[in-house]
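Visitor: I would like to learn how to read this structure. Please take me through it feature by feature.

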Amino acid sequence: MGHTTVEWVYVGVVVAILCYVGADAWNVERILDITNAPAEAEVIKVTGQQWLWTFEHEDGRKEISELHLVKGKPYRFEVTSLDVIHAFNMPDFTTLIDAVPGRINSVWLVPDQSGEYLIQCREYCGFSHYQMRAKLIVEDHEGGPSVANAAAELPSKGAEAIAS
Amino acid sequence: MVLEVKKPRPIWEILFSTHHTDIGLLYVYMSITALIIGGSLAMGIRAELFTPGTGDIIPDSNTFNRIFTVHGTNMLFFWLIPFASGIGNYLIPIMVRYKDMAWPKLNAVAFWMLPVAMALVWLGFADTTWNAYPPYSILKAPGPAAEMWIFGLKIAGISSVLGAINFIVTILKMKHPDLPLMKTSLFVWSTLVTSLMIVVAIPTFAAALIMLYTDRLGISGFFNPAMGGDPIAYQHLFWFTFHPEVYIFLIPAVGMLYELIPKFSRKPIFSYQSGVAAFVLLALVGFASWAHHMYSTGMSFTEKTVFMVGTLAAVPASAMHVFNWIATMWGGRIKFAAPMSWAVGGIVLFFYAGAGGIVNTAMPLDFLTHDSYWVVGHFHLFVAGLVTMAFIGFTYYMFPFITGRMYNERQAMIAFWLFFAGLSIVFLTQHILGLYGQPRRVFDYVPVQPLIIMNQIASVGGWMAGAGAGVFLYSIITAAFKGKPANMNDPFAIGEQYYDYTRREPHH
C-alpha cells in the first residue's frame, strides 16, 4: 500500500488540468483588465442606492433605472454606491462589479449586440434587493429614440418601493 | 431506546454529564434538530420561488431575507460543526484509548454554549445574510435581531475554539503511549487537523464580530465609509476565517468516509499516508485562498491571480482523497448497505462540486457565476452533498453501536434515494439558473420562461431532498425505540472486524 505509480500519474493529470485552467484564465482576465480599457471609452458614472441605479453620461445626461448605450462603442463604467454594497450586473454581457460606498470600481465593455437587456443588483442590499433592476438599451447607432425624458417617464420599481 | 439513555438514569444526569459519550450524543441530538428545522426553512424558500411573483407562501421580502439568513447560519454553525464535534466526542477518546476527553468539564461547557447561541440566532431571526457584510449589517439591518446574531455567532465561535483545544490536547497528549499517531484512525487525523484549523481561523472572525458590534453602536467606524472605514476590510477578515471554515466543514466528513469506505469494501484503505498528507496539505493551502470570494470587489489583477493560484492549489488534495476512496473500492467486495450508499452518493456530488469550484475560481468565469444561483448550487453540493450525506451515512453506521438496535434498511435506502436524487436535481439545476443570471438571495425573479421552469424543477428537487431527510429522521427515531436488537459483533453482516466502538470507561 501507499503511493503507487497510478496515484502519481493521477495527481500529475489533475495538476496539469489545473495549470491549463489557471493559465488560460490568467490570459483572458489580463485582456479584460481595466488597464486595457480603450482610451477613448466614454465614462459612465453608475451609482447604486437602495434600491435603484442612476447613470450619468460624460456629457452630463442623467438616466434613472434605464441606460442607453450604442452598439460597438467602448464604455468605461465607474461604479459606486451611496449607502450599502450593491453589485452592478449586466448578465448578458458578463459585466459584474461591486458598488462599494466610498470607493469607485471600474469595468469596461463594448456592447456587441443591440437590443434590450437586464441590469440588476447582484449583492444582497436589503428589502427590495430582488427588484433593484434597470433596463439596458443598446442602440444600433447614435441618436436612437430620445432619452431626454426617460428619467421622468420610467416607473422605477425601486422608487415605487421607497414611496410605498 | 438509546443504550446511553436506556440505563435507569434520570434526565438531569445526562444533561449535566461530563462523560464524552453523553456530550457527544447531546451534540448529535442538537445538530440533527438543527438539520431538520433549518431544512424546513429551505422548503419554504423553494415554495416561494416555485412560481414567480411575491407573497405566494412568504408574505414579504423582509421575512424571506430573514429566512435564508437563519437557514444558512443555522445549517453551518448548528448542524455541520456540532455534528462533527459530537461524533468526535464520542469516538476520539475511544480511538486514542483514553478514558475521556482531556478536560471533561470544559467539554460540557463548550457544548452548553451552543444551545444558547442557537436560541439567539433563532429568536433574533436577523436579515443580514450569513456573511453580514457591512455597511448593510451595521447601518441598515434592524436590531435587536442583528445584535442577537452577532452574539450568537460569538458564543458559537468560542464554543468551537474550546472544543478544538480539547480535541488537540486529547489527541496529542492523552493518546495511549503505545499508539503512534500514524497508527490512529484517519478520523482521528481529520479531527486533529480540523481542530488546529479552527484555532487558527476563528479568532479573526471573532475580532471582526466585535468590530461589527461597536460599529453598530456607532462608537467606532471600522467598516463605515462615512467614518473613514472600509467595508471591504470586513470581507477580508470574514473570508480569512470562513474559507478555511469550508475545509473545517469538509474534513471531518472526509474522515468519516475513511471509516466507512474500507469497511463496506472489505479492503484496507488504499493509502493511509496519502490520506494524512492530503489532510495536512488541505489544511495549509486552505488558508491561501480566502479572497477568491471577493474578485468583484474591485481587486487588482495581481491580487486576483494570487488567490486563483491559491485556490487551484487546494484541488489536488481533495482529488487525492477521491482517488483514495475509488482505489479502496476498486476490486473490493462492496456491500451497498445504507451507510455505504450515503457515502458513495456524497462522493459523486463532491466531484460535481469540485469541478464547479474550478470554474468559479477561473477569474473571467467568476464574473459569470459570482453571487448567482450557480454559487448556491455549488456550495450546497459540498455542504449538503458530501458533508451532510457523509454525516447521515455515519449516523446509520454508528446507530447499532450506540443504540444496540438496528434501523430499517429499507427506510434508510428510501431516504438515501430521495435525498440523493433530490439534491442532484435542485443543485445542478441551480447551476444553470445562475448561468441564466438569476442572482442569489432574491425573493422574486424575472418571470421569463427558462427561469420559471428551472425554478420549478429546483423546487421539486428540494422537496424530494426534504422528504428524504424526513424519512431519515423517522427511521432513526422509530428504530431507537422499536428497532430489532442488532448483532453487536457484525451489525451489517459484512464479516469484517469492527473498531471496538462500545469499549469505553464507565460513566462518572
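Visitor: Which residue stands opposite A:L118 in β10(A)?

Guide: Strands of a sheet pair through backbone hydrogen bonds, either parallel or antiparallel. Here A:L118 stands opposite A:K135 in β10(A). A note on the source: this is a predicted model, where local features need pLDDT of at least 70, side-chain atom pairs count only at pLDDT 80 or more, and totals for chains, interfaces and linings use all residues. Residues are numbered from 1 along each chain as its sequence is written, while chains are lettered from A and ligands numbered from 1 in the order in which they are written.

Visitor: What do the element labels stand for?

Guide: Helices (H or I, at least four residues) and strands (E, at least two) are DSSP runs, numbered from the N terminus. Two strands pair if DSSP finds at least two bridges between them.

Visitor: How many bridges join β9 to β10 of chain A?

Guide: Six bridges link β9(A), residues 115–121, with β10(A), residues 133–139. The two strands run antiparallel. Another bridge partner in β10(A) is A:R133, which faces A:Q120.

Visitor: Which strand order does the sheet with β9(A) and β10(A) have?

Guide: The order is β4-β10-β9-β6-β7 in chain A. These five strands form an open sheet with mixed pairing. Its edges are β4(A), residues 66–70, and β7(A), residues 95–99, each pairing on one side only. On average, neighbouring strands are turned by 20° against each other, direction ignored. Angles run from 0 to 180 degrees between N-to-C directions, and axes are lines fitted to C-alpha atoms, for helices over the stretch in contact.

Visitor: How many bridges pair β6(A) with β9(A)?

Guide: Two bridges pair β6(A), residues 86–90, with β9(A), in the antiparallel sense. A:F88 has A:C121 in β9(A) as its bridge partner.

Visitor: What is the order in the sheet that holds β1(A)?

Guide: That open sheet of five strands reads β3-β2-β1-β5-β8 in chain A, and its pairing is mixed. The edge strands are β3(A), residues 62–64, and β8(A), residues 105–109; each pairs on one side only. Neighbouring strands here are turned by 25° on average, direction ignored. Within the sheet, β1(A), residues 42–49, and β2(A), residues 52–56, pair antiparallel over five bridges. A:V46 stands opposite A:F55 in β2(A).

Visitor: Now helices. At what angle do α13(B) and α15(B) cross?

Guide: Two packed helices are described by the angle between their axes and the distance between the axes. The axes of α13(B), residues 338–361, and α15(B), residues 373–403, cross at roughly 160° and come within 8 Å. The pair is therefore roughly antiparallel. Angles under 35 degrees count as roughly parallel, over 145 as roughly antiparallel, 65 to 115 as roughly perpendicular and the rest as oblique.

Visitor: Is the crossing of α13(B) and α15(B) left-handed or right-handed?

Guide: The crossing is left-handed. The term means that the near helix is turned anticlockwise from the far one by less than a right angle; clockwise makes a crossing right-handed. The residues of this contact divide into 19 nonpolar, eight polar and no charged. Ala, Val, Leu, Ile, Met, Phe, Trp, Tyr, Cys and Pro count as nonpolar, Asp, Glu, Lys and Arg as charged, and the others, Gly among them, as polar.

Visitor: How do the axes of α8(B) and α9(B) cross?

Guide: The axes of α8(B), residues 186–217, and α9(B) cross at roughly 165° and come within 8 Å. This crossing is left-handed. The contact has 24 nonpolar, six polar and two charged residues.

Visitor: How many residues of chain B are in contact with chain A?

Guide: 46 residues of chain B are in contact with 44 residues of chain A. Contact means that C-beta atoms, placed from the backbone, lie within 7 Å. The largest share of the chain B side, six residues, comes from α11(B). By class, that side has 28 nonpolar, 13 polar and five charged residues.

Visitor: Which residues of α1(A) meet α11(B)?

Guide: Among them are A:L18, A:W26 and A:R30, and the α11(B) residues they meet include B:F301, B:M308 and B:L312. The axes of α1(A), residues 5–32, and α11(B) come within 11 Å and cross at roughly 165°. α1(A) passes α11(B) in a right-handed crossing.

Visitor: Where does pLDDT stay under 50 in chain A?

Guide: pLDDT is the predictor's confidence in each residue, from 0 to 100. It stays under 50 over residues 146–164 of chain A. Chain A averages a pLDDT of 85, and 85% of the residues score at least 70.

Technical notes. Contact = placed C-beta atoms within 7 Å.
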